[in-house]
Each structure stands twice: as structure tokens, then as C-alpha cells.
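This report is written for a reader meeting the structure for the first time.

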There are 2 protein chains.
Amino acid sequence: VLRDVLGSNDLIARENRQAFDAHGCFVVNLMSAPGSGKTTILERTLEALDGRIRSGVIEGDVLGTLDADRLAPLGAPVVQIDTDPHFGGECHLDARMIRNALAALPLDGLEIVFIENVGNLVCPAEFKVGEDRKVMVLSVAEGDDKPLKYPLMFRVSHLLLLNKIDLADHVDFEPARFRANVARVNPGLPVIELSAKTGQGLEAWIDWLTTSMAESRRSSHVG
Amino acid sequence: VLRDVLGSNDLIARENRQAFDAHGCFVVNLMSAPGSGKTTILERTLEALDGRIRSGVIEGDVLGTLDADRLAPLGAPVVQIDTDPHFGGECHLDARMIRNALAALPLDGLEIVFIENVGNLVCPAEFKVGEDRKVMVLSVAEGDDKPLKYPLMFRVSHLLLLNKIDLADHVDFEPARFRANVARVNPGLPVIELSAKTGQGLEAWIDWLTTSMAESRRSSHVG
């Protein structure tokens, strides 16, 4: 059953990708546990890209519009998905939810679309939504053992933003042990140390974004 | 489909509960997001109960025995459940997994069983496993907006352990706003401020545990 669900999801994800490609949109699927700082990172990112790269956001939550409300003043179009119709709510976004959201998001003129997934380190890793890149966020407060406990998320991601690095001295987080744990599950995963609060690492993240956008455009021209 | 899954889960949860009751075991289902500190709380709790209340642990993880390995030296019997057989792993424990684990846990002589759920604020709230009490852990690093974003977890819980309270000055966490958000989704939810690191609140948590055990024994004698 699970295989069928994922198979049908992948078909819709491919259609989403074609829709994004047709408009020249680069799409980032931002995933993490609850409270790792995805929305604050998005706030800083939209501010940094303002006037340079036209951005849109699809906000995924179990319930409510808190995060969309925080992003709205930044000027980028924001569409909210609530996964709540099921009892307790779905714990991840799937390709069908993104397809439905596209009706409300004007892709024309957008160069980049950020999809903020539901806070969860397990299931979002299993569902493609039509993205170009999967980016995971981990807060140092969550601990350096997480790669070994939630390996799929670390394996499917193209980049890890290690957020709240300003808290590193206040929590039990051993950078060397963390890097060794990352290497055990995904040796090639690039890691950017970030503090959405102090701005540390923001420039490296914006560089990664613009470089990845350029790479993606080249490869779609070649293909 | 979801309703059927939950219905059949509840039947097995009731059988688990009967098995626990038959041995006089009080059962706590400990739930939280990844990295909120469940295992450290369990370490401190087992130390505090040592010699007073015989305890056992069922450890739920997507993969690995890291947490069980941490708890093993404390002397309580520990059984590990890995939810990994499915692609990516299940994001929660269900009653069937607990039933399977019971074969390896000698309930005879145990007065309390802690079940450490998979780190996730969504699905674990939907699945009864046969517990007497649901206890959720939230780290202050996760933010004071979580009750509004993951309401079901806050609604089904009998107690909230607000952990890493020692970090409160270093993160954006407004206690007053948090309590207002809790009140909006579950006004009666008791909150204990805890630091598994400094020991703050540990005594209040142990008191809650022993009081709840006594209550539970009285009500099963009456019923």
C-alpha cells in the first residue's frame, strides 16, 4: 500500500515539477523538526533576496496561518496549506497538496518558490513534491545524534542548515561528533552553520541558493 | 481508511492495557518532537526512582539503539522498538508494536513502564498504545507558538514537561505567551518547568508520577 501511495505521489510530483519548469521556477523543499527555525530562516532569506530574486512561499502546517502571517509583510506571495482535514492532521506535505496550492500561487514572474514543510523529521523525507532541492534544517538544540536516529532525512537532503549555532555553547552539541554522524549516513552532505538570529552563515546560504539556481537552469537547458 | 486503522489500533491498545493492569503496571507514553530531551528526562527519572519504584522502558526509534544504550546502565529493563521495516520508518508507535515488545519485557514486578515514542509532534498523538497517561515534552528552544501549530498533541496530553528551561534566556520564548497559547487549546493542561540538565522541576515531576500512580490504582480498585 505504502509503495502505491508513494508511486502515485511521484507521478503528481513530476507534473508539479513540469509546471515549475515551464515558468522557470527553482523550488526548494525546506524540511525540519518542529521549532528548528524554518520560518525565521525564510524571513531572513526573503529580506536578503528582496529586489534581487522574485520569491514565493508555500507554507505547510497542520493548522493555522501563524507562519504565513509572519511572512506576509515581506511582500512575497504566500499560500497556506493546512493538513488538518484528517483527524490530527497529516504530518507531511505531499505532491497533491502542492498541486492544489499552485492554483493560488502566481508562478509567472517567480524565480524561486520555497515550500516550508510540516515540522517532522520522518515522513516529509519520503514524499517528493516536485522540488529541485531538498534542504533540511537542524537546530543545535536538537542534539548531535539526530543523523543516526532519522537517517532518511539526512540522506535525501542536498544541504543541511545547522541553525541556532549561537546556542552551541549552551547545549550539549559536539560539532566533531555531529560531523562524524552526518558522514555515517550521507558523507557528501554540505553543512552550513547558521544563526537566523545573528545572521551568521546567511551569506553562505544565499550563495548556495543562487549557485544551485544557476546549476539547475544550466541542466534544464542541456536536457 | 484512517478511521479503520485507528479503530483496530484502539482494540489492541485495550488488550495492552489489560495486560499492564493484570500486572499492576502504571504506563506513561512520553511524546515530543525530536531532540526535546525525552531520553535525558528518562535518565534522570530512572535515577530518581531507583530503589523506590521498579521501572521498565520501551524505547521507540525509527532506527538504532542509541537511546536504549544510554538507559541500559541504569539497571531498568529496556526493550527497543525500531519502526524502520517500512521505507523511511514509521513516524510513531502503535499498539501492535507495543504488543510485540511486551514479549521481551518482564512485566512481573514492574510498577511503572515508560514508553518513549518516536520524536514527532503529530502522529503519536493519534495512536493509543495502552497507556495510563500521555505526557508530552516541549523544549523551550522549539518556541512558544507550538500549541497553536500542533494542537492535538497538547489536547490529548495529561501533563506537559516544559524542558530545557535553563535555555529560556537564550531563546525567543515568552512564558506568558506560551501559557496563553496552551490555554487556547487545552486550558486544564498542567505544565511543569523542567531542566533535565540542572535538575530544576525534577521533584515536581516525580511527585506528579507517584500521585498519578496512586490515583490510577484507586480508580482500578473502584472499577
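How many residues of chain B are in contact with residues of chain A? In this predicted model, 38 residues of chain B touch 38 residues of chain A, where contact means heavy atoms within 4.5 Å. Local features need pLDDT of at least 70 and side-chain atom pairs count only at pLDDT 80 or more, while totals for chains, interfaces and linings use all residues. Residues are numbered from 1 along each chain as its sequence is written, chains are lettered from A in the order in which they are written, and side-chain values use heavy atoms, with hydrogens and water left out.

The same surface serves both copies, since 100% of the contact residues of chain B recur in chain A.

| Feature between chain B and chain A | Value |
|---|---|
| Buried area | about 3,100 Å² |
| Salt bridges | 4 salt bridges |
| Polar contacts | 9 residue pairs |

Buried area is the accessible area (1.4 Å probe) that two parts lose on being put together, summed over both. A salt bridge is a side-chain nitrogen of Lys or Arg within 4 Å of a carboxyl oxygen of Asp or Glu, and K149(A) and D61(B) form one, at 4.0 Å from N to O. A polar contact is a pair of N or O atoms within 3.5 Å; within protein, one must be able to donate a hydrogen and the other to accept it, and residues adjacent in sequence count only if both atoms are side-chain atoms.
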